[in-house]
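Student: I am new to this structure. Please take one part of it and go through that part closely.

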Amino acid sequence: MDVLIHFFLGLHIIGIAALLGGFLTQMKAMGQGAARFVPAMLHGALTMLITGVALVGIHQAQGHEVNNIKIGVKLAVLVVILGLVYVKRDEEKVDKGLFGLVGGLTMTNIFIAVLWT
Ligand code: HEM
């Protein structure tokens, strides 16, 4: 089962790459107020949700302890990210502040994941 955990963790990281990478490609445009939520960001956020839930399930199935508060906070932050990216996915230009918020929340979740032990 360990291989399954590592497999889903790998997919979880691919999800981060898509979400954060998509954001980073739009940084210059964001400065000009012309950024948009690229498809990679939506697909990355969805990947994070699916692989995150799978990781929790596999850990629990093996009787491992999961930090429910940490996971709950990460889930709540991701729901905000996913909601914003989904609703604004077809807009050609997204407000600078809103776009920056999604990038900031993504980075917040990365630091919650690695610093909250
Ligand atoms: C933008 C959203 C997210 C980011 C950036 C993120 C980031 C990360 C990172 C960097 C790790 C590896 C470090 C660690 O083990 O803590 C990780 C692991 C994990 N994530 Fe996420 N995550 C996100 C969303 C979620 C969600 C929504 C869930 C659950 C519903 C979740 C569940 C997990 C679990 C269970 C692990 C631990 C895997 C293990 O210890 O084997 N994540 N996440």
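Tutor: Start with H12, which is buried, with a relative accessible area of 12%; buried means under 20%, exposed over 50% and partly exposed in between, using a 1.4 Å probe and protein chains only. The model is a predicted one, in which local features need pLDDT of at least 70 and side-chain atom pairs count only at pLDDT 80 or more, while totals for chains, interfaces and linings use all residues. Residues are numbered from 1 along each chain as its sequence is written, and side-chain values use heavy atoms, with hydrogens and water left out.

H12 (NE2) and K74 (NZ) are the protein donors of the iron atom of the ligand, and they lie 2.0 to 2.1 Å from it. Donors are N, O and S atoms within 2.8 Å of the metal (3.2 Å for Na, K and Ca); water is not among the atoms, so sites may look incomplete. The site of this iron atom is octahedral, with 6 donor atoms and angles of 81 to 177° among them. Six donors count as octahedral if opposite donors are over 155 degrees apart and all others between 65 and 115. Ideal angles for six octahedral donors are 90 or 180 degrees.

H12 belongs to helix α1 (residues 2-25) and K74 to helix α4 (residues 68-87), so the pair ties together parts that are 62 residues apart in sequence. Helices are DSSP runs (H or I, at least four residues), numbered from the N terminus.

Helices α1 and α4 are also among those that the buried residues of α5 pack against, along with α2 (27-31) and α3 (39-61). These buried residues of α5 are F99, V102, G103, L105, T106, N109 and I112. In an α-helix there are 3.6 residues a turn, so residues three or four places apart point the same way. Helix α5 (residues 96-115) has 20 residues and should span 28 Å at 1.5 Å a residue, which agrees with the 28 Å between its end C-alpha atoms; the expected span is 1.5 Å times one less than the number of residues.

One of the buried residues of α5, F99, is in contact with Q26, where contact means heavy atoms within 4.5 Å. Leaving aside neighbours within four places in sequence, Q26 also touches A35, R36 and V38. Q26 sits in the loop between α1 and α2 and is buried, with a relative accessible area of 12%.

Key: Four donors count as tetrahedral if all angles lie between 85 and 135 degrees; four count as square planar and six as octahedral if opposite donors are over 155 degrees apart and all others between 65 and 115; anything else is irregular. Helices (H or I, at least four residues) and strands (E, at least two) are DSSP runs, numbered from the N terminus.
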